[in-house]
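Subject: Structure handover

Hello,

Here is the structure for you to look over. My notes follow below it.

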Amino acid sequence: MPNNIETHEYDVLVIGAGGAGLRAAIEASAAGVKVGLICKSLLGKAHTVMAEGGMAAAMGNVDDRDNWRVHFADTMRGGQYVNNWRMAELHAKEAPARVHELEAWGAVFDRTPDGKILQRNFGGHRYPRLAHVGDRTGLELIRTLQDHGIHQGMTVHMEQTVVALLQDGPRVVGALGYDRERGRFRVFKAKAVVLATGGLGRAYRITSNSWEGTGDGVSLAYQAGAELLDMEFIQFHPTGMIWPPSVMGILVTEGVRGEGGVLRNKDGKRFMYDDIPDNYKSQTSTDPEEGWRYTQGDKNAKRPPELLTRDHVARCINREVKAGRGSPHGGVFLDISWIKEKIPNAAEHIKKKLPSMYHQFIQLANLDITKEPMEIGPTTHYAMGGIRVNGDTQATNLPGLFAAGECAAGLHGANRLGGNSLSDLIVFGQRAGEYAAKFAKENSAGKITDEQVAAAQREALEPFNRGAQAGAGTEGPYQVQHDLQVMMQDLVGIVRREDEIVRALDGLVKLKARAAKVAVYGHCEYNPGWHTAIDLKHLLTISEAIAMAALDRKESRGGHFREDFPDKDPASAKYNAVISKQADGSMKLRREPIPPMPDALKQVIEEMK
Ligand SMILES: Cc1cc2nc3c(=O)[nH]c(=O)nc-3n(C[C@H](O)[C@H](O)[C@H](O)COP(=O)(O)OP(=O)(O)OC[C@H]3O[C@@H](n4cnc5c(N)ncnc54)[C@H](O)[C@@H]3O)c2cc1C
């Protein structure tokens with residue numbers, strides 16, 4: 001290797017230590033292969049730790065009418081039928097076993113009076129389905145997987161950033177990373193690689209995502225030749241904090257609405273009753289009293305419209321704000337304090353059910369949610385699109401490369417239901433680990449050349465060279481990153497239009513040119529400016545893919561809303577958008593027909609309508 005670069009060799013290399021990466025690493029280790037796990041932050045600090053409301057699994061503990069068929073139908077309806085139906089089927093069938101497995105590994109859950117795992121209501125789920133621990137479920141998931149995982153014999157490399165996948169022909173055979181503290185490069189050789197790098201919300205100005213969510217895995221996979229799927233579908237969660245400015249975008253869990261929280265405009269009106277989509281009318285209450293009973297577990301009541309899917313709720317909030325009926329800081333009000341009209345000791349009940357939300361608002365906004373409504377607005381939350389994978393194996397189109405969790409695409413279609421991500425991580429993390437281990441056992445190590453390592457290293461260090469020559473045309477990475485985030489928020493955000501997306505694509509050309517000249521100063525040890533310069537390439541790549549796919553889809557569906565095409569187009573329900581890198585380095589989109597669904601699954605959907 002060039003410069004005597006430190007090299008590690010594994011059978012399976014997992015990039016990312018969130019729920020998906022940890023679950024994949026556990027599975028691969030259990031299969032008896034040598035596993036390395038890399039993460040940008042410290043172990044236990046991945047974005048999954050921020051998940052609040054719970055993980056969806058049709059265990060039927062609170063309502064015994066629930067089963068995999070209902071969960072499958074809910075996921076497909078929520079995703080507006082462009083989901084990978086095989087993934088939706090596997091997810092609905094396997095999530096309960098994966099949750100019970102966590103319980104066996106020591107995870108603590110809230111319990112029903114008879115000792116079963118408690119399940120709560122969430123938007124788009126017909127029955128109470130989310131296994132949870134208060135509003136700190138992600139922390140418990142990560143803690144359990146981490147505790148279990150470190151006893152499986154895997155090697156963890158913390159605070160390492162992967163900057164390139166290494167290839168032997170099309171096959172992925174390792175990765176080049178650097179240690180964020182010291183800036184030293186490392187080569188990780190592997191027979192199989194699993195990408196589990198999480199989301200990409202940092203491409204937008206207002207986001208609930210942690211600093212890690214810069215879309216690295218999606219971009220690394222694309223650069224290596226993997227296909228991306230349905231990048232236009234970005235979820236804008238309806239309830240993020242909006243005031244004060246220092247907390248803008250931080251998530252307010254859907255659990256607040258699941259526990260009875262209501263949305264009101266500045267006139268005090270519950271505006272969600274004004275617009276209930278046809279395909280949800282049969283499941284949604286038109287009477288607030290019935291909606292309240294639903295949140296309190298009445299099996300005969302229908303859900304309140306606040307618990308409709310996130311895409312719809314976010315757009316209704318947007319509509320109220322645009323019509324001048326918003327709150328003082330440009331959002332609407334979310335009120336859980338009103339439940340004191342309904343139950344004794346409401347303040348204690350809220351603190352018990354939503355402890356993190358209570359502390360979050362007291363500490364960050366000086367507001368007591370047991371007494372006052374919160375001011376909230378939509379925040380960029382989740383990427384339904386990402387790396388295209390095989391539904392059973394999580395294999396990409398590149399031999400040796402697998403992907404799982406938020407960086408992979410398919411399960412959620414055009415819109416993810418809350419709680420379906422944590423269950424996605426454990427179901428498909430397990431599958432990715434299993435099939436990556438199998439691939440590693442069936443294949444010998446590939447070859448990594450010194451030249452490709454040196455080239456990737458040179459590219460990563462280029463911003464320092466420009467800094468050393470500092471002169472005309474160079475700028476730091478932060479302003480370029482900020483300008484990109486503002487542009488994506490304004491032009492490819494919740495409501496999209498052809499002329500604005502075209503402007504965004506033009507803007508991306510200019511931003512790419514600026515990024516190519518970005519300079520950093522100092523040296524590679526402890527240098528956050530350098531890290532940002534490296535992230536820029538990923539942010540620009542995924543932003544281009546999002547804008548290109550958003551321009552191509554001339555209809556409104558799920559997280560993708562076109563003001564110029566506000567309706568769903570039945571013909572567009574028949575394809576997925578696949579993006580790949582061309583030989584000349586350009587990005588190309590093609591529409592690919594969704595494979596026909598087996599009759600048995602079609603029947604499930606019909607039955608659940
Ligand atoms: C505030 C909040 C609350 C949420 N609540 C819920 C909920 O209640 N229920 C639910 O289902 N979903 C929820 N979600 C969504 C869910 O938390 C995420 O989709 C999920 O945790 C993503 O997990 P992951 O394993 O795919 O990736 P992450 O947990 O994001 O982990 C990514 C890992 O990849 C590493 N990584 C990234 N890039 C690189 C690189 N270049 N080199 C090396 N390592 C890298 C990171 O360091 C990290 O370890 C919530 C999201 C947010 C923001």
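Is Phe 439 buried or exposed, and what is its relative accessible area? Phe 439 is buried, because its relative accessible area is 17% and the cut-off for buried is under 20%. Please keep in mind that this is a predicted model.

Aromatic pairs

Phe 439 has a ring partner, Phe 402. Their ring centres are 6.1 Å apart and their planes stand at 75°, so the pair is edge-to-face. Phe 402 sits in strand β16 (residues 401–403) and Phe 439 in helix α11. The two are 37 residues apart, and the pair links distant parts of the chain. Phe 402 is buried too, at 4% relative accessibility.

In total, the structure holds eight aromatic pairs. Another of them joins Tyr 178 and Trp 530. This pair is tilted, with 4.4 Å centre to centre and 35° between the planes. Tyr 178 belongs to strand β8 (residues 171–179) and Trp 530 to helix α15 (residues 528–552), so the pair ties together parts that lie 352 residues apart in sequence. Tyr 178 counts as buried, with 0% relative accessibility. Trp 530 also counts as buried, at 0%. Tyr 178 and Trp 530 form one aromatic cluster with Phe 185 and Phe 464.

Ligand site

There are 38 residues around the ligand. Those that come nearest are Thr 48, Gly 53, Glu 212, Asp 216 and Glu 406. Backbone atoms take part here. A backbone N or O atom of Gly 53 is 2.7 Å from a ligand oxygen. For Ala 17, a polar backbone atom lies 2.9 Å from an oxygen atom of the ligand. For Ala 196, the distance from a polar backbone atom to a ligand oxygen is 3.4 Å.

The ligand taken alone exposes 1000 Å², and the protein buries 99% of that. The largest share, four residues, comes from α11. By class, the shell has 14 nonpolar, 18 polar and six charged residues.

Thr 214

Thr 214 lies in the loop between β9 (185–195) and α5 (216–224). At 2% relative accessibility, Thr 214 counts as buried. The side chain of Thr 214 makes a polar contact of 2.6 Å with the side chain of Asp 216. Asp 216 is also among the residues that come nearest to the ligand. Leaving aside residues up to four places away in sequence, Thr 214 touches Lys 40, Gly 199, Leu 200, Arg 202, Asp 535, His 538, Leu 539 and Ile 542.

Helix α10

Which residues of helix α10 (residues 355–365) are buried? They are Pro 355, Ser 356, Met 357, Tyr 358, Gln 360 and Phe 361. Their cover includes β11 (234–241), α6 (255–258), α9 (346–353) and β14 (374–383). Just after α10, Asn 366 takes a positive phi of about 55°.

Best regards

How values were computed. Residues numbered from 1 in each chain as written. Predicted model: local features only at pLDDT ≥ 70, side-chain atom pairs only at ≥ 80, totals over all residues. Heavy atoms only, no water. Buried < 20%, exposed > 50% of the residue type's maximum accessible area, 1.4 Å probe, protein only. Polar contact = N/O pair within 3.5 Å; in protein donor to acceptor, adjacent residues only side chain to side chain. Contact = heavy atoms within 4.5 Å. Near = heavy atom within 4 Å. Areas by Shrake-Rupley, 256 points an atom, 1.4 Å probe, with all protein chains shown as cover. Nonpolar A, V, L, I, M, F, W, Y, C, P; charged D, E, K, R; others polar. Phe/Tyr/Trp six-rings, centres within 6.5 Å; stacked < 30°, edge-to-face > 60°.
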